[in-house]
Amino acid sequence: MGITVVISVRRSRIMSCRQIIAMGGGGFSMEPENLLLDQYILGLVNKEKPKVCFVPTASGDAEDYIARFYASYSTLPSTPSHLSLFKPPPADLRTLVLEQDIIYVGGGSTKNLLALWKEWGLDIILKEAWESGVILAGLSAGSICWFEQGVTDSLPGELTVLPCLGLLQGSNCPHYDGELERRPAYHRLLSAGHISDGYAADDGVALHFINNRLEQIVSSRPNAKAYRLQKMAEGIQESPLETVYLGT
């Protein structure tokens, strides 16, 4: 089943709808030879070369990360750029962000990302962009940040809870199959009542939300999955969710 077949939401996309693509892992930074998730995101925009702005704040604007973004997106039908808060652009942030079709947030420290965004007012700008139809996407920290809470390794020690932007309801845990401690930590935090019900995503899996509703789950890996986690009277309920593999 090919990409153009499974993405029925593309054909009915309303340009002003609010969309977020939250990836557990994968994409150009983890799978440079497998850009199915990146192609999926680009395919949501009805343009030959959508404007994609990479925001590498969580990595401290790591130069090799930015270089890998350009190396991958130069091979895709896109107009790539990046936004640095360590070397701010000459144009005002609001204008720069609102001119994009896609904002793609990289991984790293979610705590540092949120602190810098709030200092620069980028959190408010991104919400405005989302409400105006700019697609927000990202993996790891770039996935957690959109939810009310996330399971994070941003703090020293064990995985813990981090309050986030709250554009999406509930909590989020990325790298669910890629890091062994993720699943038990999420269950532990839910059991203790430290985190709300939410979604976990394996590496290579993307949760596609439209107007705050989870519309579709896609994957660049044949066996990768997403899960709904809920605290029930009898314990934690972890429910696998239907995931569409984008390959053939």
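# Exercises on a predicted model

Just after helix α7, glycine 133 takes a positive phi of about 110 degrees; helices here are DSSP runs of H or I with at least four residues and strands are runs of E with at least two, numbered from the N terminus. This is a predicted model, in which local features need pLDDT of at least 70 and side-chain atom pairs count only at pLDDT 80 or more, while totals for chains, interfaces and linings use all residues. Residues are numbered from 1 along each chain as its sequence is written, and side-chain values use heavy atoms, with hydrogens and water left out.

## Exercise 1

Find which residues of helix α7 are buried, and what they pack against.

Solution. Begin with the helix itself, residues 122-131, where Leu122, Asp123, Ile125, Leu126, Ala129 and Trp130 are buried, buried meaning under 20% relative accessible area, exposed over 50%, and partly exposed in between, with a 1.4 Å probe and protein chains only. Looking down the axis of α7, these buried residues fall within an arc of 160 degrees, so they line one face of the helix; the arc is that of the directions from the helix axis to the C-beta atoms. An α-helix has 3.6 residues a turn, so residues three or four places apart point the same way. Lastly, the buried residues of α7 pack against β1 (19-23), α5 (93-98), β4, α6 (110-120) and β5, where contact means heavy atoms within 4.5 Å.

## Exercise 2

## Exercise 3

Determine how many disulfides the whole structure holds, and examine cysteine 145.

Solution. A search of the whole structure finds zero disulfides, a disulfide being a pair of cysteine sulfur atoms within 2.5 Å. For cysteine 145, the nearest cysteine sulfur is that of cysteine 164, 7.0 Å away. Cysteine 145 counts as buried because its relative accessibility is 0%, and cysteine 164 counts as buried at 13%.

## Exercise 4

Locate glutamate 242 and decide whether this residue is buried or exposed.

Solution. Glutamate 242 lies in the loop between β13 (235-241) and β14 (244-245). With 71% relative accessibility, glutamate 242 counts as exposed.
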